[in-house]
Amino acid sequence: MLIVEDYDGCYSDALEKYFNFNRFSRDDDGKVLFHGMGCIEKPQYKERYKNYSKKAFINMEHPAAWYGGNVEYAHCSANMDKYFQKIFTICPYTCEWLNSLHKRNIFIPTYQPFNEEYVVKEKEEKICDVIYWGHVSSPTHLSFIDAMKDFKYNFLSLGSHEWASEFRNRGYEKYITHINIPRVQMWDILRKTKICLITNHAYITPQHINNVKSFRDWQKCEAFSHVDDGWVPQYKTRMIESAVSKTLMLVKRNPWNIGARWFEPDKEFIYFDRDEELPSLIEHISSNWHQYEEIVENAFIKATTKYTVKNFINFVKENLDDE
């Protein structure tokens, strides 16, 4: 299977850039896998590989295509030109919706893979209590910062200019500990940290909501079941990256709980329901770390045996063979 990559439109240091897919790429069986948004946004790729017998794409952005406001890209993301036989997506809800529209099982839900070449098996000393990395786009993210700042914490960000406008210039910028550091450096910090704070949803604006509602049959997609409340499910990379780092995943519960599709609650990660719980939870976990080490070990074993890049490539090949 040939693997074609173009990362235009991705974050500059995105996890998927570390997959090292080229070690699996062989142009020998008429199959091709597209990876990276550039592959579907630039027409030359589809033209160049149109005669391959089986074509697949990895979609890491669903359901963002429907609230982003670019109708042409949304149609492309939905495979309306029927170019791909299989699309592997991180959103099982848009997967079900789109398969029903196509009346075929084109979209396959998948996990976030991690390159086994970057796994560090040795146990490292936990010198920090808690970490959050990402944007600030909701009151929950402010609660993360408020809860962390009285502990040994790290707050990694691309910079406050990337935050939602209503959360800039409110004094929270001063809590950033690292700006736009390389991912490998982030993993080093993560391995030395006990807890990672996680949400598996995206907070959306009124304009985003209008964008979703402009599409026919949007109500039939479970991803948009709470769109009027201003959020949608989105399976981030924080769970897999925390799991391989032996960092406890402390995940905010939401109506979809997509993380439980890949990791088992209480056995491999922990939910919390209210932001107000966080200070006491962080305190208890940090002070009683020995009680939680089995959970992080369970998550590490699952992540490093099931959710590797090598396994993912085999998963893609098996599904293409079934086509």
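**Close-up views of a predicted model**

Residues are numbered from 1 along each chain as its sequence is written, and side-chain values use heavy atoms, with hydrogens and water left out.

So what about bonds between cysteines? A disulfide is a covalent bond between the sulfur atoms of two cysteines. The search for one looks for a pair of cysteine sulfur atoms within 2.5 Å, and over the whole structure it finds zero disulfides. Cys221 is in no disulfide, and the nearest cysteine sulfur, that of Cys91, is 6.0 Å away. For Cys10, the closest cysteine sulfur belongs to Cys39, and at 9.0 Å it's too far for a bond. Cys10 also counts as buried, at 19% relative accessibility.

**View B. An open sheet of five strands.**
The strands of this open sheet come in the order E1-E2-E3-E4-E5, with parallel pairing. Strands (E, at least two residues) and helices (H or I, at least four) are DSSP runs, numbered from the N terminus, and two strands pair if DSSP finds at least two bridges between them. Strand E1 (2-5) and strand E5 (107-109) sit at the edges with a single partner strand each, so one side of each has no neighbour in the sheet. On average, neighbouring strands are turned by 20° against each other, direction ignored. Look at strand E2 (residues 31-35) and strand E3 (residues 54-59): they run parallel, joined by five bridges. For Val32, the bridge partner in E3 is Lys55.

Contact means heavy atoms within 4.5 Å.

**View D. An open sheet of six strands.**
This sheet has the order E8-E7-E6-E9-E12-E13, again with parallel pairing. Its edge strands are strand E8 (178-179) and E13, each pairing on one side only. Strand E9 (residues 193-198) and E12 pair in the parallel sense over four bridges. Leu197 has Leu250 as its bridge partner in E12, and Ile198 stands opposite Val251 in E12. E9 also runs parallel to E6, with three bridges joining them, and Cys128 stands opposite Thr193 in E9. How many residues of E9 are buried? Six of the six are, so E9 is largely enclosed by the rest of the structure.

**View E. Helix H8 and its buried face.**
Which residues of helix H8 (residues 206-213) are buried? They are Ile209, Asn211 and Val212. Seen down the axis of H8, these buried residues fall within an arc of 160°, so they line one face of the helix. (The arc is that of the directions from the helix axis to the C-beta atoms.) Helix H3 (64-67) is part of what covers them.

**View F. Glu268, a buried loop residue.**
Find Glu268 in the loop between strand E12 (248-252) and strand E13 (270-272). Is it buried or exposed? Glu268 counts as buried, at 5% relative accessibility. Leaving aside neighbours within four places in sequence, Glu268 is in contact with Met249, Trp262, Phe263, Ile295, Asn298, Ala299 and Lys302. Glu268 and Asp322 are 54 residues apart in sequence and 32 Å apart in space, C-alpha to C-alpha.

Terms used: Predicted model: local features only at pLDDT ≥ 70, side-chain atom pairs only at ≥ 80, totals over all residues. Axes fitted to C-alpha atoms, helices over the stretch in contact; angles between N-to-C directions. Buried < 20%, exposed > 50% of the residue type's maximum accessible area, 1.4 Å probe, protein only.
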